[in-house]
Amino acid sequence: MKPAAVLPSHVIAVVKHHKDPIKALQIFNSVKNEQGFHHTLSTYTCMLHKLGFHGHFDAMEKLLLEMITIVDNTLLEPVYIRAMRNYGRKGKVQEAVDVFERMHFYNCQPTILSYNTLMNILVEYRYFDQAHKLYLRMKDKRRILPDVYTFTIRIKSFCKTKRPHAALRLLRNMPLQGCELNAVAYCTLIGGFYEENFHSEAYGLFDEMIRSGICPDVTTFNKLIHILCKKGHVQESEKLFNKVVKMGVSPNLYTVNIFIQGLCRKGALDEGIRLLDTATRENLRPDIVTYNTLICGLCKNYKVVEAESYLHKMVNEGLTPDGFTYNTIIDGFCKLGMIQNADRILSDANFKGFVADEFTYCSLINGLCEEGDINHAMDIFTEALGKGIKPSVILCNTLVKGLSRQGLILEALQVMNAMSDKGCSPDIWTYNIVINGLCKMGCVSDANTLVNDMISKGYLPDIFTFNTLIDGYCKLLKIENALELINVMFSHGVIPDVITYNSMLNGLCKAGKFEDVMETFKMMIENNCEPNLITYNITMESLCKARKLNEAVDLLEEISNKGLSLDSVCLGTLINGFSNNGDLDGAHKLFQKMQQKYNVSHTTATYNIMINAFCEKLNIQMAEKLFRDVACVPDSYTYRIMIEGFCQTGKIDSSYNFLLEAINIGFVPSLTTFGRVINCLCVEDRVHEAVNIIHLMVNKGVVPDIVNTIFEVDKREVAAPKIVVEDLLKKNNITYYAYELLYDGIRDKTRIEILLQKVRGPDGLKVVHIAAGAKHSALMTDKEAIMTWGWGEHGQLRLGDTNDQLNPQPVVLGREVLNKESKLNIYCGSGFTYAIR
């Protein structure tokens, strides 16, 4: 019996189902040795597609050359088209073009299908000019006529180049060219309009498509709503969705995933969760993409604990979390500073087979550095390298950034210098991170030296490098150095941007060089650099400081005319300018017009500017009226200026009440504010209230550090008020007169509080008599034992010293008292104690 012959269908089945394309190729080649077997166009096509799909292009090209010598080349267009698509999928555009050009050489004439395939690849990768040239080349061949797909590709090209209206004209011309409109063409153009925010045109065109009886399939529709949801226009997507559902289009899981992604991006997490629940009820079983999308949205909105609950839910439903799932949650916990939770998730993931990758370690390092746990971060970095993670610029830069942000520049430099030894060289961002750290610490000269070192090693500074240095010099008011850097920028071909000019303007303004501010502002406009609101705010501040209020008002109108949205900072600066120049009426009028004329809401800061202005003019009634009318929550500064205003105008009750109110709300006033109110109270001999403030300070922890070194509670309670008073005097927050009153007042109050404390009775003894003096007491037991406690300054407790006692202490009686048989009595006076028989 002869063995069964190998058929081409057998070979195709084996190739399709084999997971390893190279092993499939080996089987493909070995079949050639079978007697009577010859590969066909079908077997070659299947094998070529397998190799191309998995990116084995060298093997694919070799097999393609072999096939050309065996199979009729006029039949090979589908093979070439598949090869072009496989190259296109991997971004190998030139290789796809080469395949197309090779068709002519091997006598395979491309049809409209080949032209469309290559045109689509060129448009996808934004080679628009080449795509247009290919279209013109196709038109020159009169036998090849464009079809609906050709026009759709051209519509996509116009939309990707932000010309949807030109694409619309092309759509209108399609029927005249004999092409029937379809849903793909419509949806491509509708998506283009939505991308450019022409919502009314897009919706009108969608409505036109539906009324024409053209309905997209779910795949085409998903591509359209993906554009909308990506931009956060979920409601618009829902409108379109309702229309296609009525025409019989059923959503699939990909539709649900797109909507959940859109809802998460706009922060509507509850709606995203409800949609997930609805999809489950509609028998659309969520997959790993669904859960990952929701988990990612929750983590980005800092709801990481809830994200973790969905991790457990997906596991319970039989899904296996992937690296994206674990990394997203680990990164979320790290950003919240919950490193222990991140470690717990990682341990659980490792147990289930997950291997930490570069992203995992970057998240952990970043989180630990933000928490200040640098040693642990360094250990994690070392652990990553020890576990086979290849040192990369991203991993090293994460550690360098973390060290720099903690001010550990020397350590950051050490890591950067060691990068080359680990097989990865620093890049421009590595240098920029350290340069930024140095500038923030005020070490701008060192940063400039590092820039020179960077240039000597072949790294050219970019706009971020220069802006960081210029801002650093300007903050140190080293304007000349900053100006020199601008010249260096031009020599390196780097054009100053709005951030560069803003840093210069801010430095000049802080240095009081108001004329130079205006010159720089004019130069910025001459160099076609468009000012932003920050630019105008700095210029406004400069004009106000230079007392050029008319020019500042003109600038305000210029900002408004340019279409920039005024903010409270800009208007607050001008209000402050009017106030500082003595025009309180002008400041108040502008304050009143903020919301009416400029549609800018008041903030606590603008109220503070106005209240402070009235307080400085001693118009405390107007200041208090503004405080009571404030539409925002007052802050500690608001209370401070109000308290100072009350003190300056002699309204002691109001200053005292405002201080108590501020403390009750949770603000802790400064020592200056406390001292101001205490001085006013002491001038009025209101020592009791002044002493209350001292005790409030103690209760709120507003005490010198030395108080916290007293570990015995009783002693700390007695000593703390005295230490606070001495500290206030030492720092010139209270007068010596106030100090003297407070010292006596605190001593008296402390004694009263001692006497009023609950006294602990003698254990196991029966008390039969108690006597009370002015500030001390005595008791007698049934065994005639006497005990005393309280104020002991005059020795009235008969304990052999003059100390005060909080609890009853036994008194040693003389024999003359003990030996008598008559009844013993005890008596206490203002400063004495008697035991009489």
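Residues are numbered from 1 along each chain as its sequence is written, and side-chain values use heavy atoms, with hydrogens and water left out. Because the model is predicted, local features need pLDDT of at least 70 and side-chain atom pairs count only at pLDDT 80 or more, whereas totals for chains, interfaces and linings use all residues.

**Exercise 1.** Describe how α31 and α33 are oriented to each other, and which residues make their contact.

Solution. First take the axes, lines fitted to C-alpha atoms over the stretch in contact, with angles from 0 to 180 degrees between N-to-C directions. Those of α31 (residues 533-545) and α33 (residues 568-580) come within 9 Å and cross at roughly 0°, so α31 is roughly parallel to α33, a label for angles under 35 degrees. Next list the contact (heavy atoms within 4.5 Å): α31 gives Asn537, Met540, Glu541 and Cys544, while α33 gives Val569, Cys570, Thr573, Leu574 and Gly577.

**Exercise 2.** Find which helix gives the largest share of the lining of the largest cavity.

Solution. On a 1 Å grid over the protein atoms alone, a cavity is a set of points where a 1.4 Å probe fits but cannot get out, and lining residues have an atom within 4 Å of a point. The largest cavity has a volume of about 60 Å³, a volume being the space filled by probe spheres set on the points, which are joined across faces, edges and corners. Helices α3 (41-53), α4 (57-68) and α5 (77-89) each supply at least two lining residues, and α5 has the largest share, four residues.

**Exercise 3.** Identify the residues closest to the centre of the largest pocket.

Solution. A pocket is an open set with protein on both sides within 12 Å along at least five of seven lines, and the largest holds about 1,100 Å³ of space. Of its 30 lining residues, Asn120, Glu124, Lys156, Thr188 and Lys223 are the closest to its centre.

Key:
Angles under 35 degrees count as roughly parallel, over 145 as roughly antiparallel, 65 to 115 as roughly perpendicular and the rest as oblique.
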